[in-house]
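Please open the model in a viewer and keep the sequence panel beside it. The stops below say what to select and what is there.

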Amino acid sequence: MVRRSDPNPSYWEQYGPFQHVKHELIRCYLNGWYPKLGTWARRVLYVDTHAGRGRYESGDPGSPVVALQTLLQHSFRDRLLKASEFNFLFIERDPTNLAALEEELSALKPMPARVGDAFGKVSSILGDLQRERARMAPAFLFVDPYGFKIPAKLLADLMKAGRVELFINIMWRELDMLVQQRPEKGTPHAQTLDEIFGSDAWRTEVVGAGMDDRLERAIPLIARAVGAKWWTSAVRMVTGGQATRYVLLHLTNSDDGRDLMKECAWSVSPSGEFFVRRSDNPDQQFLIKPETDLQPLRDWVIARLSRRPERWQDLHGAVRGEWWLKKHVNAVVQALKKEGIITADAVQGRRFGAASNPILRLIGGTQN
């Protein structure tokens with residue numbers, strides 16, 4: 001293990017709202033992710049690439065402890081551990097932080113059977129997999145570096161290795177400053193950007209009048225370089241004005257993973273400087289306000305039904321690529337039917353609802 005000093009030791013002195021929301025998202029996601037995989041996968045892997053000390057000076061737990069506690073306190077824990085083993089890989093290069101983390105983890109021991117923690121390097125795991133032509137167990141990787149250098153090639157190799165979910169904290173303000181410098185080809189800074197974006201396409205694609213405009217173009221570029229089907233900018237933090245400083249990015253090839261992260265993003269009930277935004281379409285990114293505004297979704301449903309009738313559950317599938325949830329679709333459909341704007345084919349013996357999957361039709365081409 002390479003031992004380096006912590007580049008930002010003061011980080012552990014304060015536990016702010018961004019850390020809180022970040023850990024709430026991890027807790028929420030793992031609470032759903034563990035049972036989705038643990039009942040059949042036989043092996044499940046959680047990786048924290050920058051594990052830190054395990055606890056802040058405020059007493060709040062860090063991400064490694066959050067991940068472990070989410071499993072140990074899970075209501076299905078015994079059932080999950082009977083079906084699968086859970087391995088936790090924590091990577092921390094600073095020796096002081098590492099010692100503090102080991103002490104925090106020791107307080108959680110003895111671990112139940114089939115739960116293990118270890119320290120190592122992701123690159124060595126990938127090397128072993130490639131040599132053995134094996135596939136990684138379903139894995140959730142939390143990538144939270146102090147800095148912005150996140151090599152796309154390594155992340156792409158991870159995504160190819162198996163059913164892998166990536167949750168990345170991107171320090172966008174610093175990364176955007178480097179992008180705006182437009183370093184010459186072949187220079188160290190240009191090579192860093194090439195590694196982050198997987199190519200030099202950032203020169204022509206990460207453009208825009210403001211840093212958020214550039215962010216909306218940078219996220220899909222990173223996601224494509226990594227090979228992710230879905231990308232969700234789960235939460236962003238703004239400091240002063242509205243410019244984004246950090247963004248939490250979830251990358252997955254799983255439809256269920258996309259749905260789960262959207263559910264968790266909505267569950268944090270963002271307010272103030274925290275915003276949840278849709279992320280699959282860089283040209284149509286909307287901010288979610290504390291009071292849910294479903295008028296855009298209402299317009300979306302009406303626009304779809306104005307083209308042709310659709311089954312209710314087909315709308316559920318279509319909304320996966322948007323930032324709304326299935327429950328929002330249900331609320332809008334119920335309201336539109338009550339208002340007489342749409343009708344639904346009756347399903348004999350079943351009540352009106354998404355489960356009966358009726359065909360929805362716009363009445364007389366009504367627009368609203």
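Contact here means heavy atoms within 4.5 Å. Helices (H or I, at least four residues) and strands (E, at least two) are DSSP runs, numbered from the N terminus. Buried stands for under 20% relative accessible area and exposed for over 50%, with partly exposed in between (1.4 Å probe, protein chains only). H12 itself covers residues 295–307, 13 residues in total, and its C-alpha atoms span 19 Å from first to last, close to the 18 Å expected at 1.5 Å a residue. That expectation is 1.5 Å times one less than the number of residues in the helix.

The model is predicted: local features need pLDDT of at least 70 and side-chain atom pairs count only at pLDDT 80 or more, while totals for chains, interfaces and linings use all residues. Residues are numbered from 1 along each chain as its sequence is written, and side-chain values use heavy atoms, with hydrogens and water left out.

Zoom out to the whole protein. Its secondary structure comes to 14 helices and 11 strands. Of its 368 residues, 51% count as buried. Among contacts between residues at least 6 apart in sequence, 69% join residues at least 24 apart. The protein exposes about 17,200 Å², of which carbon and sulfur atoms supply 48% (Shrake-Rupley method, 1.4 Å probe).

Which residues lie nearest the centre of the largest cavity? Select Ile-150, Ile-168, Ile-170, Ile-196 and Ile-222, which are among the 10 residues that line the cavity. A cavity is a set of points, on a 1 Å grid over the protein atoms alone, where a 1.4 Å probe fits but cannot get out; lining residues have an atom within 4 Å of a point. The largest cavity holds about 70 Å³ of space, and the count of cavities of 30 Å³ or more comes to four. Volume is the space filled by probe spheres set on the points, which are joined across faces, edges and corners. Helix H6 (152–160) and strand S5 (162–171) each supply at least two lining residues of the largest cavity.

Move to Gly-198, in the loop between helix H8 (188–197) and helix H9 (202–205). Leaving aside residues up to four places away in sequence, Gly-198 touches Ala-152 and Ala-225. Leu-155 is 43 residues from Gly-198 in sequence and 9.9 Å away in space, C-alpha to C-alpha.

Select Arg-27 in helix H1 (residues 17–38). Arg-27 is partly exposed, at a relative accessible area of 30%. Beyond four places in sequence, Arg-27 touches Val-66 and Thr-70. Arg-27 and Val-66 are 39 residues apart along the chain, with their C-alpha atoms separated by 6.5 Å.

Finish with the backbone. Most residues other than glycine have a negative phi, and most peptide bonds are trans. The bond from Lys-109 to Pro-110 is cis, with omega near 5°; Pro-110 sits in the loop between helix H4 (95–106) and strand S3 (115–119). Arg-42, in the loop between H1 and strand S1 (43–48), has a positive phi near 75° and is exposed, at 65% relative accessible area. Asn-357, in the loop between S10 and S11, has a positive phi of about 50°.

Methods
1 Å grid on protein atoms, 1.4 Å probe; cavity = no way out; pocket = protein on both sides within 12 Å on 5 of 7 lines; lining within 4 Å.
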